[in-house]
Amino acid sequence: MEIGTPLFEGAKKVLLLGSGELGKEMAIEAQRMGIEVIAVDRYDLAPAMHVAHRKYVVDMMNGNAIKAIVRRENPDAIIAEIEAINTDALIELESYGYRIAPNANAVKICMNRIELRKLAAEKLKLPTTKYAFAENVEEVRKACKDIGYPCLIKPEMSSSGHGHVLINKDEEAEDAYRESISHARGKSRRVIVEEFVKVDTELTVLTYRYYSSSTGNIVTKTIEPIEHKRPSYYYVESWHPSTVSQKVKDEAKGIATKIVEELGGFGIYGVEILISGNRVLFSEVAPRPHDTGLVTLVSSDINEFQIHIRSALGLPTPEVKLVSPAASHVILAQSDEIWGPKFINVERALEIPGVQVRLFGKPSTYNKRRMGVVLATGNSVEEAIEKVRKASSMILVK
Ligand SMILES: Nc1ncnc2c1ncn2[C@@H]1O[C@H](COP(=O)(O)OP(=O)(O)OP(=O)(O)O)[C@@H](O)[C@H]1O
Ligand SMILES: [Mg+2]
């Protein structure tokens, strides 16, 4: 392979569809490797745009908008950084020979809870929560009865816990269904109803695929699981490595390898696993670096963002080593819209040895918007967790 110079003929180009914090770290890794970076998002001044060669602000649900940018830029790899993208446009572009990481079909399946659950539970027979699909109130009622209470209803398509509603009894089913689909992405009225399990802890198994030019093989590898807890539906804190037993880790890695080999392509996937008692359950998978994997910025010699860029461009990553126990904790906005927010007490947080702060550069806040992350290494994950909790509690957004 030949890698040209950015902005010159022969440059390798990566186009990011979605320019959030994950995109920003991918852009930085690509920049370090001398790759030309184009950042796209629906709003201007998004995190990855601060570190890209060029940027475009378009509605990514509009297939023509995406196709126009791709034709103009002719990238070597297209990375879907978020779910809310017109996936039919990606499928069409792939059919013309453009490389989508990991592949267009995986991006399409993973954003759809029903298609993904069918693939994981019915085709691959992976262990999951009990579930049923429904598309009207009657079907929701029946699903709840079959599954038992409490159960959790989720729209066919949505992200970050939008439209997740807990149902405790039959009388709640109707309102829950209406509430759930009001948060759905797109026009679908379909939902998945899941058994609500008591989650003891959660794992993300980062699993990646790359092409090895020396052997001509496609390799699938898992990274030691990352552990995280979610007091609410969104990501708060993760640590690496996880503290679960070797048996649980092996089961989780086995599940991750199966689903990722099925989805195929080249890139990293974040396979989400729920641990409930002695059950190790496949929950869902993201076809991209994972927010809980921000911890790999300090825990691993090669982080999840670099792995994705390498795989997307056809480059190998034969091994990833954990260099230190580590943790990460989000910095959330505490108020509604502020433009050009300011962060205070960063200097206090950085007094804690081993702590690093990443502020994403998002131009404005809304309540609970993720604005940054605190990372720390420690002699143990417990020590690292303590450091990130302390440091993140000091930093205020105003
Ligand atoms: N069946 C369930 N029982 C108990 N808790 C659940 C169940 N399904 C999901 N959860 C909890 O809700 C969280 C979010 O669920 P899920 O990953 O399906 O949603 P999401 O919208 O894709 O969120 P994200 O984009 O943050 O991954 C899970 O990480 C878990 O903590
Ligand atoms: Mg999830």
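Guide: Contact means that heavy atoms lie within 4.5 Å of each other. The model shown is predicted, so local features need pLDDT of at least 70 and side-chain atom pairs count only at pLDDT 80 or more, while totals for chains, interfaces and linings use all residues; side-chain values use heavy atoms, without hydrogens or water. Residues are numbered from 1 along each chain as its sequence is written, with chains lettered from A and ligands numbered from 1 in the order in which they are written.

Visitor: Which residues of helix α5 are buried?

Guide: Helix α5 spans residues 113-123; helices (DSSP runs of H or I, at least four residues) and strands (E, at least two) are numbered from the N terminus. Buried means under 20% relative accessible area, exposed over 50%, and partly exposed in between, with a 1.4 Å probe and protein chains only. The buried residues of α5 are R113, I114, L116, R117, L119, A120 and A121.

Visitor: What covers the buried residues of α5?

Guide: The covering elements include both helices and strands. Among the strands are β6 (131-134), β7 (151-155), β9 (191-195) and β15. The helices among them are α4 and α8 (246-263).

Visitor: Which residue just after α5 takes a positive phi?

Guide: Helix α5 ends at residue 123. Just after this helix, a phi of about 60° is taken by K125.

Visitor: Where does UniProt place the feature "binding site"?

Guide: The record is an unreviewed entry, and such annotations may be inferred rather than shown by experiment. The positions that UniProt gives are E21, L22, E81, D291, K362, R369 and R370.

Visitor: Is E81 buried or exposed?

Guide: E81 lies in the loop between β4 (77-80) and α3 (87-95). Leaving aside its neighbours within four places in sequence, E81 is in contact with L17, G18, S19, G20, E21, L22, G23, M26 and R288. Because its relative accessible area is 6%, E81 counts as buried.

Visitor: With which side chain does the side chain of D291 make a polar contact?

Guide: D291 is placed in the loop between β15 (279-286) and α9 (296-299), and is buried because its relative accessible area is 17%. Not counting residues up to four places away in sequence, D291 touches L22, R230, Y235 and R370. The polar contact, at 3.2 Å, is with the side chain of H290.

Visitor: How does the relative accessibility of D76 count?

Guide: D76 sits in the loop between α2 (63-73) and β4. Beyond four places in sequence, D76 touches A11, K12, K13, R99 and L313. Because its relative accessibility is 26%, D76 counts as partly exposed.

Visitor: What distance separates the C-alpha atoms of D76 and L45?

Guide: Along the chain, D76 and L45 are 31 residues apart.

Visitor: How far does the backbone nitrogen of K13 lie from a polar atom of the side chain of D76?

Guide: K13 is found in strand β1 (residues 13-17) and is buried because its relative accessible area is 18%. Apart from residues up to four places away in sequence, K13 touches several residues, including I35, E36, R54 and D76. The backbone nitrogen of K13 and the polar side-chain atom of D76 lie apart by 2.7 Å.

Note on methods: A polar contact is a pair of N or O atoms within 3.5 Å; within protein, one must be able to donate a hydrogen and the other to accept it, and residues adjacent in sequence count only if both atoms are side-chain atoms.
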